[in-house]
Amino acid sequence: MSSPLPVAVLGGGPLAERIAERPDVVVVEQSSAVVVVHLSADFDEIPDHLRAGRDVVTALPLEALPLNEVRDACRAGSSTLHAAGGFQSAVAARLTRSLAAATREITRIELIEEIDLPEDGVYPWNTVPDNALPGYYFAGLRVLETAAFPDVSSETPVVHAEGSVAVHTLGDRIRYRSIRTRGVGGVPLRYRLATTTAAGTATATVDFHPTDGIHPADHLTLVELLKAVRPIHSSEPGIVQRDLSITHLTPDERLPR
């Protein structure tokens, strides 16, 4: 078994507590860490850690970061950044990827997220400013687009409200609806995915339940973050992204060698 990696955690709550319990990492002071796990909506510290030679895995989407400053910091510190998007929607991307492998004729996707939130603790809804939330969903739209379509659109993501439902769209072909409740009970996280082709519309529903007392949204986010920690530390300096096969990390061409 590999020795535990010295990791610093920026941010608090259940995710930070769970990271501290992992046997494959040891939580240390920032100055002693080789990897920083970033659970905050504040990105100001990220370039400083990269410049100091500490690799960073952040729950923020890459689009939320100052990429020019990040590039310079990665080069200065010979360090690596991975922006996970901090979002459990990677599960929906996996499902979409599987469907897209079966048919290349998908013309439209609608993803409905139903999430029942406790009063505190679930990232990012209870832990980042409301104006930061659309960025996570927009990153999710791009991941879904890459999973299902061979081309990347030039459309700008848009968010609007339909009553109490937040609706995020990417052109006419991707629609991501988030239905959020608090303390209602029942299934805490559910995804309904509808994919449309010329032959009709297929639907799939996936329910998630608590794991060891942690909300499934936090659990799925934690899995994505921790899965990246060791590969990031082993990778070449730069910016990396998760390949949609969900098996490895690949370089992002925004930081040329």
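This is a predicted model: local features need pLDDT of at least 70, side-chain atom pairs count only at pLDDT 80 or more; totals for chains, interfaces and linings use all residues.
Residues count from 1 along each chain as its sequence is written, and side-chain values use heavy atoms, without hydrogens or water. Local features need pLDDT of at least 70 and side-chain atom pairs 80 or more, while totals for chains, interfaces and linings use all residues.

**Exercise 1.** Work out which strands pair with β4 (residues 55-58).

Solution. Strands are DSSP runs of E, at least two residues, and helices are runs of H or I, at least four, numbered from the N terminus. Pairing takes at least two DSSP bridges.
- Start with β3 (residues 35-38): it runs parallel to β4 over 4 bridges, with V37 partnering V57. The link goes through helix α2 (residues 45-51), a right-handed β-α-β crossover (clockwise from first strand over helix to second, strands pointing away from the viewer).
- Next, β5 (residues 80-83) is joined to β4 by 3 bridges, also parallel, and V56 sits opposite L81.

**Exercise 2.** Sort the β4 side chains by direction.

Solution. Side chains in a regular strand alternate between the two sheet faces. Here D55 and V57 go one way, V56 and T58 the other. Every one of these four is buried, meaning under 20% relative accessible area (1.4 Å probe, protein chains only).

**Exercise 3.** Find what V229 touches.

Solution. Count heavy atoms within 4.5 Å as contact. Skipping residues up to four places away in sequence, V229 touches L5, V7, V35, V37 and V57.

Technical notes: Buried means under 20% relative accessible area, exposed over 50%, partly exposed in between (1.4 Å probe, protein chains only).
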